[in-house]
Amino acid sequence: MLELQGIPVSPGVAIASALVLDAEGYRIPRCIVPASDVDDEFARLRAAVDLVSEQLEQSRLETTATAGRQTGDIFAAQLQMLHDPRLHSELEKRIGEERQSAAFAVSGVLHNYASALQKLENPFLADRAQDVLDIERQLLTELGAVTRQPLLDLNEPVIVLSRMLTPSETAGLNREFVKGFCTEVGGPGGHTAIVAKGLEIPAVVGIGEFLPVIAGADCVIVDGDRGRLIIDPTDEVLENYRQRAEYRRSLAQRLAQQSQLPATTTDGTRISLNANIEFPHETASCLQRGADGIGLYRTEFLYLSSDEEPSEEDHYEAYAEVIKQMNGRPVVIRTLDLGADKMGHGKRSQQENNPFLGLRSIRLSLRNLDLFRPQLRAVLRAAALGDVRVMFPLITTIAELRQARMLLNLVAEDLKEAGVPYRSDLPVGMMVEVPAAVIMLDHFACEVDFFSIGTNDLAQYTLAVDRSNESVADLYQSSDPAVLRLIQASIDIAAQTQTPISVCGEMSSNPARALLLLGMGVRNLSVPPSALPRVKKAIRNVSIEQCEAIAERVCKLESARDVDLYLLDRLTDLAPELVMQ
Ligand code: PEP
Ligand code: MG
């Protein structure tokens, strides 16, 4: 058994066999063959070794001619490794005695070699490990055992283990078969994490390098609650996790029975509990779980999930689908938040040194009006179908907000002139996710109809921590007292100016932190659909007075750790079912 620790980003427990993708997304095969096929596997291995030998010799000759002997020797060394007698006796043992397929044996033996070299912590030998993996790749290719699109042709439940997954790759995961995933890189607030939560796939990111030591496994466990990846668990550990998974299932069933009850505290205060979505198809599960509305529709995923740039009609149809299903309930459409870790199409994406501080979100939209206008037209048109509000992301200056509003007005005039039906009194809001916006919030209040606090970015920009970087993940905490002060300031200004305010960042999906937000004065939360039942349960178990006492205590604490420990303690008292043992 091997246990690795990473960052928990999407809750739940998943148990299945591993689908290991290497850096280029190749699948590493795992296969035991019948005894009658063993000879064939030996023959396949010999043929593959011969072919790879020829290719390496060819590369050695060509490289020596063009780049000199020293460079050509890289391939000479690889050839030597390929013919190493120890390697062959290990391969023969695996195929002959353990009946592994040639590909599975190659993958297992060469990964073990590579990891042994890496463990020596000698830079020269670490480079040799790459050579070993290179030989493995070539042999597997010749054995026809690699597939370049492994995530597309799945037919059994798997847990994906990979160096990284982009938000759009994550969005494209086949939920029927991908039961969980773990990546070497990635931070707690990255959009890969957010999409995983949206898809309800247990996930752990930022584990650090672990793929070289894994060549597939029959059984792996992803513990998305505690951030663990367990490879080949013992029977005892497996049983323990099966029980946890069972507890989760029965809790989910119990909470599902309360899904249509209102999110009302014990003293009768009605909280508006809404859902965050990335795709229209999530609307059904929001309704099923009793969401009061859609508090954040991340429309940029329409771009990220298609190779073509969406047209005005594509936007309109997606919005109309959500609005119609929500049947009169409020829907907050956030305009494109592309850039940083959500890269758009070729011509829109550009290399930047600090993408989270660069041309992202509203800045990118305002510089690309051919991108922004069709979206605004579609929002205005779709708004005629229900209770729709529009919201601009990452607003930092008043000028940006005015520019965005002006463009919205111009687009509305175009629609009017063309006689296209649209909603003329569309409420306009802004996300509060940059400290500069909080500082100037009283001015913004005169220019918008509502605020929504994006704690994911607010934490990132307050604490100067890249939300998707695993190296600084410990610093990335929305419960940091500095972040809490900015949230409190925003709530206070919203109250003074009578501007409705909600919190749609991930902070509100944590039941303990949600209670803190209620105590700080928030009455409107928006959370991923998967978090609706737990957050509603927490709300229905407490009074506002209890929440205010929590907030009063928390504002005296000095670190995120102290805050979270205290909040966990309170949640254990107030809603013990929600605290997993
Ligand atoms: C946020 O920043 O809190 C937010 C909700 O927006 P996103 O996570 O999409 O950046
Ligand atoms: Mg944001």
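## Polar contacts

A polar contact is a pair of N or O atoms within 3.5 Å. In this predicted model, a polar side-chain atom of Arg 467 lies 2.8 Å from an oxygen atom of ligand 1. The backbone also takes part: a polar backbone atom of Thr 455 is 3.1 Å from an oxygen atom of ligand 1, and a polar backbone atom of Gly 454 is 3.4 Å from an oxygen atom of the ligand.

Ligand 1 sits in the largest cavity.

## The surrounding shell

There are 17 residues around ligand 1, and those that come nearest are Arg 298, Arg 334, Glu 433, Asn 456 and Arg 467. By class, the shell is made up of 8 charged, 5 polar and 4 nonpolar residues.

## Elements and domains

Helix H7 (191-199), strand S10 (294-298) and helix H17 (455-463) are the elements that give two or more residues to the shell around ligand 1, and H17 gives the most, with 3 residues.

At the level of domains, ligand 1 lies between domain 3 (258-270 + 431-581) and domain 4 (293-426), because both of them give residues to the shell around the ligand.

Methods. Residues are numbered from 1 along each chain as its sequence is written. Chains are lettered from A and ligands numbered from 1 in the order in which they are written. This is a predicted model: local features need pLDDT of at least 70, side-chain atom pairs count only at pLDDT 80 or more; totals for chains, interfaces and linings use all residues. Side-chain values use heavy atoms; hydrogens and water are left out. A residue is near a molecule or strand if one of its heavy atoms lies within 4 Å of it. A polar contact is a pair of N or O atoms within 3.5 Å; within protein, one must be able to donate a hydrogen and the other to accept it, and residues adjacent in sequence count only if both atoms are side-chain atoms. On a 1 Å grid over the protein atoms alone, a cavity is a set of points where a 1.4 Å probe fits but cannot get out, and a pocket is an open set with protein on both sides within 12 Å along at least five of seven lines; lining residues have an atom within 4 Å of a point. A molecule sits in a cavity or pocket if more than half of its atoms lie within 2 Å of its grid points. Helices (H or I, at least four residues) and strands (E, at least two) are DSSP runs, numbered from the N terminus. Ala, Val, Leu, Ile, Met, Phe, Trp, Tyr, Cys and Pro count as nonpolar, Asp, Glu, Lys and Arg as charged, and the others, Gly among them, as polar. Domain bounds come from an automatic or database domain assignment.
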